[in-house]
Amino acid sequence: MPERLFVCTPSKLGAFADCARRYRYSYVDRPTPAKGPPWAHNSLGASVHTALKNWYGLSADSREPEALPRLLKATWVREGYRDVDQERTAYRAALRWLETYVNGLDPADEPLGVERVVATKTAVLAFNGRADRIDSRRGPDGPEAVIVDYKTGRSGLDADDARGSQALALYAYAAQRVFRRPSYRVELHHLPTATVVTHEHTEESLARQVRRAEDTARDIMAAEKAVAAGADPDAEFPTNPGALCAWCDFRKTCPAGQEVPAKDPWTAVEHLTPTA
């Protein structure tokens, strides 16, 4: 019998790469262990992403900065903040980011997709993922699909972040097959600093990222098979203790994670400065 394909998303592959134990808690153990409280930075990011999605859902002549307060309020996620004052500070920061960002966009541009699912198969993977935006741009040989990913985290980004992102590479690989056009350019749009970092992939660099994803999938399937055959789940899905443990949803379940000091749910938005 042929080996079954490993059904995956970028987040599923990333979970195992970061910590095999976190992958197990998320995708293998049933019932899933209880998660910790929601994170304010996740709420902030989700709010901004959905507001931008809905901005593109407007007609071109309605895509104006004046629409943003209404869109952001409608999508605002309130979970994780320390108090109402911090939530208001985060809302005002998000609105500033969005206003600056859309002022640099052409309202008449229609992307190939917004929050678009792209999917493809390889000899090992059945991959699907939801790209924030896929633009149609003119390349040297005709129309191309450009992968755009929004970022709202505190840290700035550089070209290495775009080059090394497996998720963006897999989106580009899948977009080539979905849209039947070249897709090599990937972009990270960091809204807090109004910066864009890019990378131009090649067929070879995309193929390397696909092979890397396939290797991860093989490791996951091997561990799952071993556990199904009676192996120790802790041995097959070991922990990877480190700074990320403080941000892990399963920190309270994981003995190694509990050794790392916890972060408050609002820690990652404390740097935001109140404005009038």
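Ser 136 comes out as partly exposed, at a relative accessible area of 40%; the label covers the range between buried, under 20%, and exposed, over 50%, worked out with a 1.4 Å probe on protein chains only. Its place is in strand β3, residues 125-139, where strands are DSSP runs of E with at least two residues and helices are runs of H or I with at least four, numbered from the N terminus. Between Ser 136 and Pro 10 there are 22 Å from C-alpha to C-alpha, and 126 residues along the chain.

All of this comes from a predicted model, in which local features need pLDDT of at least 70 and side-chain atom pairs count only at pLDDT 80 or more, while totals for chains, interfaces and linings use all residues. Residues are numbered from 1 along each chain as its sequence is written, and side-chain values use heavy atoms, with hydrogens and water left out.

As for confidence, pLDDT is the predictor's own score for each residue, from 0 to 100. The protein averages 95, and 99% of the residues reach at least 70.

Asp 215 sits in helix α8, residues 203-228. With 44% relative accessibility, Asp 215 is partly exposed. Asp 215 and Val 124 are 91 residues apart in sequence, yet their C-alpha atoms are 8.9 Å apart in space.

What about the cysteines? A disulfide is a covalent bond between the sulfur atoms of two cysteines. Taking a disulfide as a pair of cysteine sulfur atoms within 2.5 Å, the count is zero. Cys 19 has its closest cysteine sulfur in Cys 254, but at 6.2 Å that is too far for a bond. Cys 245 is in no disulfide either, with the sulfur of Cys 254, the nearest one, 6.2 Å away. Cys 19 is buried, at 14% relative accessibility, and Cys 245 is buried too, with a relative accessible area of 11%.
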